[in-house]
Amino acid sequence: MAEPVVDDEYLKEIDKARRELRAFITSNQCAPLMLRLAWNDAATYDARNRAGGPNGSIRTDKELKHEANEGLLKATQLCEHVKAKLKKVSYADLYQLAGVVAIEVSGGPTIEFLPGRKDSMESSAEGLLPDVKQGASIIRNIFSRMGISDDKHIVALCGGLTWGETLKDRSDSKGQWPKDPLKFDNSYYKKILSKDLSSRLPIEDALLTDQSFRRHVEEYSKDENSFFKEYAMSHKKLSELGYNLKKQNQSKVPDEEQNQPKGPYEKLNQHRGLIGIGIVSVVTVILGYLLKRKKNQLKK
Ligand code: HEM
């Protein structure tokens with residue numbers, strides 16, 4: 001598929017997609033699934049040959065069968081309900097928008113979304129995504145292959161694992177479910193810092209034993225604002241891998257609409273203007289009449 005033309009019609013569909021996604025992610029409580037769909041589609045990117053990335057190829061049968069994508073068929077099927085209402089929006093844009101909206105409706109940071117990703121039906125190779133069994137250097141290499149090489153961004157993105165934190169088992173060490181399992185916050189860092197060595201997953205161990213990673217884990221665990229700020233930037237970067245997306249103008253308002261007063265104050269001001277013109281006209285007519293009368297009196 002060719003690059004989508006991001007014109008006014010496209011931007012209107014993106015607005016509609018955002019509203020639809022908000023409603024269905026909230027009602028289906030599927031924010032984690034949608035975030036994982038967006039991440040798994042994007043994280044295949046290879047910056048060396050500009051292959052893969054957020055291009056919707058995750059919907060192909062072959063890519064959906066990759067071990068790392070187990071369970072994501074459901075996510076693509078859910079997105080089909082939204083896609084059916086939209087003629088133009090690419091799958092690539094839809095999946096990334098779903099990731100952004102998932103964070104937003106769960107109390108996470110606002111992530112800027114720029115549209116314009118094109119779709120591909122070319123499945124990415126298997127084994128490009130990080131594995132839970134890998135250590136710090138492999139994780140770093142995989143992110144670097146994607147073009148994400150700053151440790152603070154890698155650690156911020158891993159905050160997304162707050163929803164997959166114990167990976168398949170989200171209860172805590174005492175078997176208790178978190179109070180609000182669907183809230184997006186910095187609890188992932190707090191949780192892994194409180195775990196003892198024997199109960200850590202390799203990815204958690206990597207984040208804690210590598211001193212540079214650990215510095216950011218500690219910072220984000222204490223300062224949610226700093227986590228949200230870095231997360232929003234890293235997520236935007238992840239969602240745009242392989243693209244140079246430009247900010248588009250908001251959909252244009254027709255000229256006559258633009259000239260219409262918008263709020264009550266502008267309307268009042270417009271009325272005031274009309275009343276002013278009316279008063280000046282009446283005064284001019286009266287003065288003209290009085291002047292004419294005076295002239296006539298003088299003639300007599
Ligand atoms: C860095 C290395 C990462 C590894 C090794 C990893 C691996 C995994 C695995 C094995 C699961 C469990 C899948 C299942 O339910 O079978 C999972 C879940 C999840 N991952 Fe990742 N992931 C990583 C990074 C990320 C990032 C960066 C994000 C988001 C930005 C993310 C978002 C998620 C979410 C939201 C889930 C939960 C999905 C659900 O409950 O339906 N992951 N991850």
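Start with helix α1, residues 8-28, and helix α4, residues 73-83: their axes are 10 Å apart and the angle is about 140°. Helices here are DSSP runs of H or I of at least four residues, numbered from the N terminus. Axes are lines fitted to C-alpha atoms over the stretch in contact, with angles from 0 to 180 degrees between N-to-C directions. That angle makes α1 oblique to α4, since under 35 degrees counts as roughly parallel, over 145 as roughly antiparallel, 65 to 115 as roughly perpendicular, and the rest as oblique. On the α1 side the contact uses A17, E20, L21, F24 and N28, and on the α4 side L78, C79 and V82; contact means heavy atoms within 4.5 Å.

This is a predicted model, where local features need pLDDT of at least 70 and side-chain atom pairs need 80 or more, while totals for chains, interfaces and linings use all residues. Numbering runs from 1 along each chain as its sequence is written, and side-chain values use heavy atoms, without hydrogens or water.

Next pair. Helix α9, residues 202-209, and helix α10, residues 211-222, have axes that come within 5 Å and cross at roughly 95°. That makes α9 roughly perpendicular to α10. A206, L207, L208 and T209 of α9 meet Q211, F213, R214 and V217 of α10.

Last, where is R200? R200 sits in the loop between α8, residues 187-194, and α9. The side chains of R200 and D205 are joined by a polar contact of 2.8 Å, meaning a pair of N or O atoms within 3.5 Å, one able to donate a hydrogen and the other to accept it, with sequence-adjacent residues counted only if both atoms are side-chain atoms.

Conventions: Helix = DSSP H or I, 4+ residues; strand = E, 2+ residues; numbered from the N terminus.
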